[in-house]
Amino acid sequence: MSHPKRCALRTKLLAGVSLCTVFAAITGGVLVYTLFRSQLYRQLDHSLTDKLRFLKASCSQRAGRVVFEAEEALWRKVHDPEDPEFFSLRLPDGTIILRSESLGEGDLPEVGKDSFEPVFEMIELPSGQLGHCAGQRFYPERLDGDGEGIAVHVVVAHDNRRIAGALQSLRGLLLMVGAGTTVLLLGATFWIVSRNLRPLRS
């Protein structure tokens, strides 16, 4: 085989292998990133659901009023000042039963106001940061038989800083690993193709 033909064959082989390698690296990276991101938000949703359960269990209806049974001091103990929680409980007319101090002058959106199952949504928190929230409507436990049941709307939220940081680190790691693996594979492919085409030289 003439030298030009050998070079053309080597070029085609390298181009084909290069495209396949880059495609596999990108596909694998996107798949890993998507699965990891989904798992992080699934864990956050689970955490928000647990907080919904706690707030719902802490509410009761007595003498035609909704009361929050847990002491405020106890609720403050479960808060991390550096990683605050956001929550609010409201009546159908908008009256606030309880809200977290972390909300400041802001408020949470009415996510899940008409749903008795948790509704999850990405929101912008009063602090301006991106957050994830869950909300639903429920009827507190009635401690007496007076009056009708009072519906309560509860919303809890948490910012996405830790998840965003973890995903940013993952993107950087996948980029470095993918680039390094691609370079190594292309180098190995170039060496193998060049070595095996030598006997074809005429």
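This note goes through the overall fold, one histidine and its surroundings, and the salt bridges of a predicted model.

1. Basis. The model is predicted: local features need pLDDT of at least 70, side-chain atom pairs count only at pLDDT 80 or more, and totals for chains, interfaces and linings use all residues. Residues are numbered from 1 along each chain as its sequence is written, and side-chain values use heavy atoms, with hydrogens and water left out.

2. Overall make-up. The protein has 3 helices and 8 strands, taken from DSSP runs (helices H or I, at least four residues; strands E, at least two) and numbered from the N terminus. In order from the N terminus, the elements are α-β-β-α-β-β-β-β-β-β-α.

3. Burial and surface. Of the 202 residues, 31% are buried; buried means under 20% relative accessible area, exposed over 50%, and partly exposed in between (1.4 Å probe, protein chains only). The accessible surface is about 12600 Å², and carbon and sulfur atoms hold 61% of that area. Accessible areas come from the Shrake-Rupley method with a 1.4 Å probe, and for residues only the protein chains shown count as cover.

4. Contacts along the sequence. A contact means heavy atoms within 4.5 Å. Of the contacts between residues at least 6 apart in sequence, 59% join residues at least 24 apart.

5. H132. This residue sits in strand β6 (residues 130-138). H132 counts as buried because its relative accessibility is 8%. Residues up to four places away in sequence aside, H132 touches Y41, L44, D45, L48, F120, E121, M122, V156, A157, H158 and N160. With one of these, D45, there is a polar contact from side chain to side chain at 2.7 Å. A polar contact is a pair of N or O atoms within 3.5 Å; within protein, one must be able to donate a hydrogen and the other to accept it, and residues adjacent in sequence count only if both atoms are side-chain atoms.

6. N160. The loop between β8 (152-159) and α3 (161-197) holds N160. At a relative accessible area of 4%, N160 is buried. A polar atom of the N160 side chain lies 3.5 Å from the backbone nitrogen of H132. Beyond neighbours within four places in sequence, N160 is in contact with Y41, L44, M122, L130, G131 and H132.

7. G128 and D159. G128 belongs to the loop between β5 (119-124) and β6, and its relative accessibility of 45% makes G128 partly exposed. G128 and D159 are 31 residues apart in sequence, with their C-alpha atoms 9.7 Å apart.

8. Salt bridges. The count is 5, where a salt bridge is a side-chain nitrogen of Lys or Arg within 4 Å of a carboxyl oxygen of Asp or Glu. Among them is the pair R161 and D159, at 3.2 Å from N to O. R161 is partly exposed at 41% relative accessible area, whereas D159 is buried at 4% relative accessibility.

9. Two further pairs. D50 and R53 form a salt bridge at 2.8 Å, N to O. Both lie in helix α1 (residues 3-57), 3 residues apart, about one turn of the helix. D50 is partly exposed, with 35% relative accessibility. The side chains of K113 and E110 also meet in a salt bridge, at 3.4 Å from N to O. K113 is partly exposed at 32% relative accessible area, and E110 is partly exposed at 47% relative accessibility.
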